[in-house]
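Notebook open, model loaded. I'll jot down what I look up as I go.

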Amino acid sequence: MSHSPIDADPDQQHDGYVLGWQQMTQRIEDGGSWSGRERNCCFLNTGTSGFADISAVTGLDFEDDGRTVAATDWDHDGDLDIWLSGRTAPRLRFMRNNSSGTARYLNVRLEGQRCNRDAVGARVELHLAGPAPRTLFKTLRAGDAFLSQSSNWIHFGLGDTAEIEKLVVYWPGGNGQTDRVPQVVRGLACNSWYRIVQNVDDPEFWSPPRRTVDLAVAPLTAPSDDEPERVVLLNRVPLPELTCTGTDHQTMPVAEGRSGPTLINLWATWCAPCLEELGQFALKHDQIRAAGLDLMAINVDGMADDGPLDSSRPEAVLQKLKFPFTAGFATRDAFDRLDVIHDTVLLLRANRDDSLSLPVPVSFLVDRQNRLAVIYRGAVSVDRLLSDAARLDSAEFPLSGVPFSGKWFLRPGGACTFFARFADRFGRRGYLREADQFASLAADLSSREGAAHEVTDQLVSVFSNLGDISRTQGNPDDAIRQYRRVLSLSPQQSGIQLELGRLLASQSRIEEAIENLSNAVRLDPQDDEARRTLDAVRSRLNR
């Protein structure tokens, strides 16, 4: 990531900085990281000339995509505990310090009177007495790490020292000479907590609340590679029209027109988990049918290299398994559309270059209204499938994908934004009909529910892109329709007013063209191109 540019002049080129942001955003869309799987580091100040790397022995060297660290004596036992947060799960870790020994400590809390109340910026010196006197230094800061703030209690680790000579506080700021004079506090005892008020000589002893905290140590286990990833959609997605080739080599619809929920399963002959999963489906077909669930297995062998499909091998596999459900072969269009849906739900990258991007096995559970409800990445067990199918119509089912229980302060929503994202992704992949359908869904929700500004901006971008694509593909009628949808949401788009005026003029709809071109000039009086185009169109009416 490049450093932020020093020169704020917008005319200056900051290509490295912009490229860094683009790559970072791309990593997020890919579901990746730019600092994950790099073990966290922990260093010990040796008190001499350097630091020692104690990452492994402390147990803090997680491979998390770490972001935040905050230190505090959370359990009031005299040593510092650590809170960690990251961008990847687990999002929050509490590392309790259970160090044993006789090391002593001192905790002080400052309260400003003539400076800021939290005394942020104060410098504290702790003078220790004894056979080997020494001085410890601390500065009270706000925001002492990235996206985090440690406790305002200033903690001193004293080791074996048993006697404190004095504490000296240099309070921040100040308007007079007295504020710059350090405050000396005496009479402090080890293993104690004190509240120190500015310009008050005597420290106030503070006693931590009496409580018993019983924390169970959480095992640090990684999810098994054999467990499928189950993605439950909070907002169900209408499945676009999909067709595949049946075993009789005839075209047939996918999921559409069925009376109950359907599982669309993508599999390949070279995929061992796929074959095991199909075997379980065949073995327990009576339970699946009794649950009112239909199943459709679609082979994707021909999608890997775009070569001709040898259907004899998949058919032989299905015959050997005595597979009792509907089966077929993926078409490129159906595969690509499912790929767009998969990537959009999981926020993966929008433009793919590889020919086989969907994992296998992967399954899509569709409800009776032909809406996508769940994606299973990996082999799904029949028990899990039957459990989900039984609860599919429950109002609470969309929330079953949350990894822990609790109460919702606000029920998650965002269908309008969700559908606008689908419209954008389908448009980028060249599927204009699907893009238009999802954009229309988003626009309808927007008009009924009142969309936020970011949703309106999304829709403006989607309709603009669809209009541009239709215009370049030689479909002016659809381009005009899309540009008018843009202006219905944001009439201040001078560039769209200009493009719409040009298209209307090309169809000899002169009066309409003049109206939009006049709007473009009014919105951007400095746009010479809009002025020239308006003059040229007006001349056709001898104006």
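Predicted model: local features only at pLDDT ≥ 70, side-chain atom pairs only at ≥ 80, totals over all residues.

What share of the protein's contacts with a separation of 6 or more comes from residues 24 or more positions apart? I get 61%, with contact meaning heavy atoms within 4.5 Å.

Residues are numbered from 1 along each chain as its sequence is written, and side-chain values use heavy atoms, with hydrogens and water left out.

Next I looked up the overall tally. I find 15 helices and 21 strands (DSSP runs numbered from the N terminus: helices are H or I with at least four residues, strands E with at least two). Of the 543 residues, 41% are buried, that is, under 20% relative accessible area with a 1.4 Å probe, protein chains only.

Then I went to helix H9, residues 415-428. Its 14 residues should span 20 Å at 1.5 Å a residue, and the end C-alpha atoms are 20 Å apart, so the two agree; the expected span is 1.5 Å times one less than the number of residues. I count 11 of the 14 as buried, among them Phe418, Phe419, Phe422 and Phe426. Just past H9, Gly430 has a positive phi of about 90°.

Last, I checked an open four-strand sheet, ordered E8-E7-E10-E11 and paired antiparallel (two strands pair if DSSP finds at least two bridges between them). E8 (134-139) and E11 (183-185) are the edges, each with a single partner strand, so one side of each has no neighbour in the sheet. E7 (residues 123-128) and E8 share six antiparallel bridges, and Glu125 sits opposite Phe137 in E8.

Note on methods: Buried < 20%, exposed > 50% of the residue type's maximum accessible area, 1.4 Å probe, protein only.
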